[in-house]
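This briefing is meant for a reader who is meeting the structure for the first time.

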Amino acid sequence: MLQLYTEDTFEMEGEPFFGYLRGKYSARELASIDDYAFDLGIEVMPCIQTLGHMGQALQWQPYTHLRDNPEVLLPESEATYEFIEKMIQTISRPFRSKRIHIGMDEAYGLGEGRYRQLYGYKDSSQIFVEHLQRVTEICIRHNLQPILWSDMLFCLAAKNNTLMGYYDESNNPATPELVSNMPSHAKLIFWDYYHTNSDIYSQKIQQHRDMGCPDPWVATAVWTWNRFWSALPFSFEAIRASTVVSKDKEDGVRNAFITIWGDEGNECDVYSALPALLYYAEHGYCEQPEVDVQALKRNFEGICGANFDDWVTASKIDDIPEGTPITSRSTFASNMSKWLLWQDPFLSFMSPQYADEDLETHYETIQDTLSKAISEKSLNCPLNERLELPRRIATVLSLKCFLRKRCVDAYRKKDYNQLLEIAHGRLSLLRQEVDGLWKYHRKLWMKTCKPFGWEVLENRYGGLRTRLETMYDQIIAHVDYITHYKLDQDEDEDDENEHKRIPEFDVDLECIYYGSKTNLLIDHARVVSTSRPG
């Protein structure tokens, strides 16, 4: 089975702002996907959203009347259910499958926005279940089996709008009232991409059964979101913890699947998920807790035409030189290469997090290793060419990670020859490498995806390129001013000249996340500036 996640990215008649400029699928494209899969014996299930994660559509004026809040649809409104029915009819038509994924995850703030203004206060769990009843009725009317993510049933019961409410082992929402009101036709999916210990999976599966869902589904994931290359070592551990429980003959489940996501810009090369996808597939044919790793590596090379170890090595762009241990308490994988790339180069305010790490040598080593993996294995492992993205990222980061520190040291020592050398040398080379990375990433995107969405990443690259140019220009102007005007002996003579100092280099940086060092998972918006827009 293949589940095709869409949100608003499919054409709907009479709804031009649904998926507007988002590269939405036409009905013909969806039917082609279904036909191709059908010839291979694969069922394609459409996946939409019928409550939360609707912000892409709800941002537009034609849909403001459907908002509870900017991300969540308005329950109890008949207009909402007419809209949901239209979505369900439209998305199910091109597919042979009689199952549909109705989403309903992460609907934070449910009942607390326009809903409360229009209908008054009602317990959010009750709102959710009543909404689920209505959506399930629509599915039944169209001869469809609905399945949905289960997290909000747990989060709302715990009154905790975070995933902590979902994974709290003491939180079991299976009250008699909820169990009696849950529509029996709807199937629940327990999704957990974070835990590397199997115990929580066993407990949560049982809690789903307590809610009246005797055959819950279980979803794991390859960590492709919010990063440039899949976090393969962590993915292997989380996948193993999930599948060991899922395939247990006594207490396991009949339906399990693996997901890949593109949150925060879809920067990741989706092909980098292949080793973890094969690892998951091998577990389906293995009764033991672990697969035959050597067979896995041979199969990966034979099936994909790439070297398994080389692709795992590429994941090191998000790790420190000695590596971050993955233990039973680990719950996420750092995306260090992302926040190192996008952090403002002039301010470099994340650099105290890695001040004691030799990241320059680390990234130079990765760059060299991946270069050899590409050039020396092109015959037997042609798909190793996909390692070019992490190779280029490693090159950029080797130049960028301590660029500000080098500049500040020279600036404060008033070593203007050194400062000029950095500007003409390392900084200029970095600008060239960033341009090369941007153009390569663009080529990779256009080869893999529709063009829509690339503008998000291109704006990020554009911001980085202009900040590097500003940094270069400010350094050159400052050195030129000092060289020509010799103001050291008369500090008050020309206080108004903007090139007398470089204020960004006068500021001492503070450690923002004490105790975390580089073990952080951070979005672009957090590292691009210390100032919030607005």
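The largest cavity holds about 30 Å³ of space, and a search of the whole structure finds 1 cavity of 30 Å³ or more. The model is a predicted one, and the values that follow are computed from it.

**The cavity**

- The residues that line the largest cavity are Gln474, His478, Glu498, His499, Arg501, Ile502, Pro503 and Glu504.
- Two elements, helix H19 (454–485) and helix H20 (503–506), each give two or more residues to the lining of the largest cavity.
- Sorted by class, the lining of the largest cavity consists of 2 nonpolar, 3 polar and 3 charged residues.

**The second largest pocket**

- The second largest pocket contains about 340 Å³ of space, and its lining is made up of 19 residues.
- Among these lining residues, Phe234, Asp319, Thr324, Ile326 and Ala333 are the ones that lie nearest the centre of the pocket.
- In terms of class, 8 nonpolar, 6 polar and 5 charged residues line the second largest pocket.

**The nonpolar cores**

- The largest nonpolar core is formed by 82 residues, and within this core Trp339, Tyr363, Ile475 and Phe505 are the residues with the most contacts.
- Helix H18, which covers residues 416–448, contributes the most to this core, giving 12 residues.
- Tyr363, one of the residues with the most contacts inside the largest core, touches Ile317, Met336, Ser337, Leu340, Ala394, Leu397 and Ser398 when residues up to four places away in sequence are not counted.

- Ser97 sits in the loop that runs between helix H3 (78–92) and strand E5 (99–101).
- Ser97 counts as buried because its relative accessibility is 6%, and the cut-off for buried is under 20%.
- The side chain of Ser97 makes a polar contact with the side chain of Glu43, at 2.5 Å, while a polar atom of the Ser97 side chain also lies 3.0 Å from the backbone nitrogen of Arg99.
- Leaving aside residues up to four places away in sequence, Ser97 touches Glu43, Val44, Met45 and Leu144.

Definitions and conventions
Residues are numbered from 1 along each chain as its sequence is written. This is a predicted model: local features need pLDDT of at least 70, side-chain atom pairs count only at pLDDT 80 or more; totals for chains, interfaces and linings use all residues. Side-chain values use heavy atoms; hydrogens and water are left out. A nonpolar core is a set of buried Ala, Val, Leu, Ile, Met, Phe, Trp, Tyr and Cys residues joined through side-chain atoms within 4.5 Å. Buried means under 20% relative accessible area, exposed over 50%, partly exposed in between (1.4 Å probe, protein chains only). Helices (H or I, at least four residues) and strands (E, at least two) are DSSP runs, numbered from the N terminus. Contact means heavy atoms within 4.5 Å. On a 1 Å grid over the protein atoms alone, a cavity is a set of points where a 1.4 Å probe fits but cannot get out, and a pocket is an open set with protein on both sides within 12 Å along at least five of seven lines; lining residues have an atom within 4 Å of a point. Grid points are joined across faces, edges and corners, and a volume is the space filled by probe spheres set on the points. Ala, Val, Leu, Ile, Met, Phe, Trp, Tyr, Cys and Pro count as nonpolar, Asp, Glu, Lys and Arg as charged, and the others, Gly among them, as polar. A polar contact is a pair of N or O atoms within 3.5 Å; within protein, one must be able to donate a hydrogen and the other to accept it, and residues adjacent in sequence count only if both atoms are side-chain atoms.
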